[in-house]
Amino acid sequence: LGKYLDIHGYRNRSDIMLEHLDKVCKIAEKYGFHPMIWSDMFFRLAFGCYYVKEGEIPKEVIDRVPENLTLIYWDYYTTDADMVTHMVNCHKSFNNPVAFAGGCHKWLGFIANNIVTYEIESMHIDKCLENGINSIIATGWGDDGGEAPQMSILPGLMVYAEKCYRGDIDREYYDRRVEQMFKIPMRAFELMDGLDYPPGVKSRTRVFLHKKLLYADILTGLMNKHIIPGKTSKFYADSEKELENYCDCGDFAYVVRVGRSVAGVISLTTELAPALREAYKANDKAELKRLANDRIPLLIAKTDRLLHDLEHSWHLENRSQGLETHQIRLGGMKERLRAIKDVLNDYCDGKTDKIAELEQDVLYYDCRTEETDELATLSGRNSSWRKVVTVNII
């Protein structure tokens, strides 16, 4: 409905797309290439959505898909084995080669969730192999800047290697193979996975909570209602301390150092955010002074360490382009912390008579009611940096 509409008038969008696809496939065939395509568009044409548990692809859709095109069934989330089997069978109803793409969960955060990969992708791979799909791809997307190191998905890749070439694997075997191959005990990866599940989170649904807690402003209190005073901070401090034990384990230890530094930053953000409000409400200027001049400089130092570890991992794995995103974000976070320190000191020294941000009540980030106490209702969506770091436009 864009410029095409202005030039050619209205046409069914499916016809436009399929004509374009046919043209691309003919060009590819002419030059000896074999195109592949994520297949969700055909399911949306047939069903109005992608993942379906029943129904068949209409023959008129099947007949319009060029036969030299490989369809890629991508699925990173489905836990319903029957739905996966149905999706596989729907793909096989086409007159096309079929491949499967699963997810090594590293997007939208500083850590990869390898346990989720193990639990979900093991079943996906089993169902594909049972139904004759043996072209399998592991993806490791880098949404919102690609904060997690590429190699943070090593245990996830191990799932694909062992399931595809060995068959059934249990956790004991899997954990042993991870340490044999990468020289990092699986415990280190479990600790990093756990950074999304502090006290109060009762579900293993990924909500990228570590990212929200790390970036959220400690003065505006965007995540305050999701912090359990004392417990949340202690959880991350304990995680930081234990991860230190694995920061020199082999060539991929830089992945652990990033996770360690993430835990260290969050341990202080979740300590400071509620403590500032409590001290302000009690008019305890001595405590506000201590938080400003002792704890905030420590948080700045831990943020600086995280940036250093992220820069190191980035240069090992990537071209330099893109690193500026993280330098801007974490550099901006450090500058904001310095500004908050000045705001607190000005108030304590009588230069200002109030702190506007602390005069406001805090709300739940996900707009829940007071009656709901399950942190896992936080959506994995709205986890981009710009939606976490401030409620204002950026």
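Q: What makes Lys334 buried?
A: A residue is buried under 20% relative accessible area, exposed over 50% and partly exposed in between (1.4 Å probe, protein chains only). Lys334 has a relative accessible area of 12%, so Lys334 is buried. This is a predicted model, in which local features need pLDDT of at least 70 and side-chain atom pairs count only at pLDDT 80 or more, while totals for chains, interfaces and linings use all residues. Residues are numbered from 1 along each chain as its sequence is written, and side-chain values use heavy atoms, with hydrogens and water left out.

Q: How many helices and strands does the protein have, and what counts as one?
A: The protein has 16 helices and four strands. The C-alpha trace spans about 75 × 60 × 45 Å along its principal axes, and 51% of the 394 residues count as buried.

Q: Why is the contact of Lys334 with Asp304 called a salt bridge?
A: The term requires a side-chain nitrogen of Lys or Arg within 4 Å of a carboxyl oxygen of Asp or Glu. Asp304 is partly exposed, at 39% relative accessibility.

Q: What makes H13 roughly antiparallel to H14?
A: Two packed helices are described by the angle between their axes and the distance between the axes. The axes are lines fitted to C-alpha atoms, for helices over the stretch in contact, and angles run from 0 to 180 degrees between N-to-C directions. H13 and H14 pack at about 170°, with their axes 9 Å apart. Angles under 35 degrees count as roughly parallel, over 145 as roughly antiparallel, 65 to 115 as roughly perpendicular and the rest as oblique; H13 is therefore roughly antiparallel to H14.

Q: Which parts does the salt bridge between Arg260 and Asp309 tie together?
A: The closest N and O atoms of Arg260 and Asp309 are 3.0 Å apart. Arg260 lies in helix H12 (residues 253-281) and Asp309 in helix H13 (residues 285-317), so the pair ties together parts that are 49 residues apart in sequence. Both residues are buried.

Q: Where do Arg171 and Glu190 lie, and how do you know that they form a salt bridge?
A: Their closest N and O atoms are 2.9 Å apart, and the pair is a salt bridge. Arg171 lies in helix H8 (residues 171-182) and Glu190 in helix H9 (residues 186-193), so the link joins parts that are 19 residues apart in sequence. Arg171 is partly exposed at 26% relative accessibility, and Glu190 is partly exposed at 29%. A search of the whole structure finds 31 salt bridges.

Q: Why is the pair of Phe43 and Phe47 called tilted?
A: Rings of Phe, Tyr and Trp (its six-membered ring) pair if their centres lie within 6.5 Å; planes under 30 degrees apart count as stacked, over 60 as edge-to-face and the rest as tilted. Phe43 and Phe47 are 6.2 Å centre to centre with 40° between the planes, so the aromatic pair is tilted. Being four residues apart in helix H3 (residues 40-47), they are separated by about one helical turn. Phe43 is buried, at 0% relative accessible area, whereas Phe47 is partly exposed at 26%.

Q: What makes the pair of Tyr77 and Trp107 edge-to-face?
A: Tyr77 and Trp107 have 90° between the planes and are 6.3 Å centre to centre, so the pair is edge-to-face. Trp107 is buried, with a relative accessible area of 5%, whereas Tyr77 is partly exposed at 46%. Ring pairs link both into a cluster that also includes Phe43 and Phe47.

Q: How do you know that Arg166 lies over the face of Tyr173?
A: A charge sits over a ring if NZ of Lys or CZ of Arg is within 6 Å of the ring centre and within 35 degrees of the ring normal. Arg166 lies over the face of Tyr173 at 3.9 Å from the ring centre.

Definitions and conventions:
Helix = DSSP H or I, 4+ residues; strand = E, 2+ residues; numbered from the N terminus.
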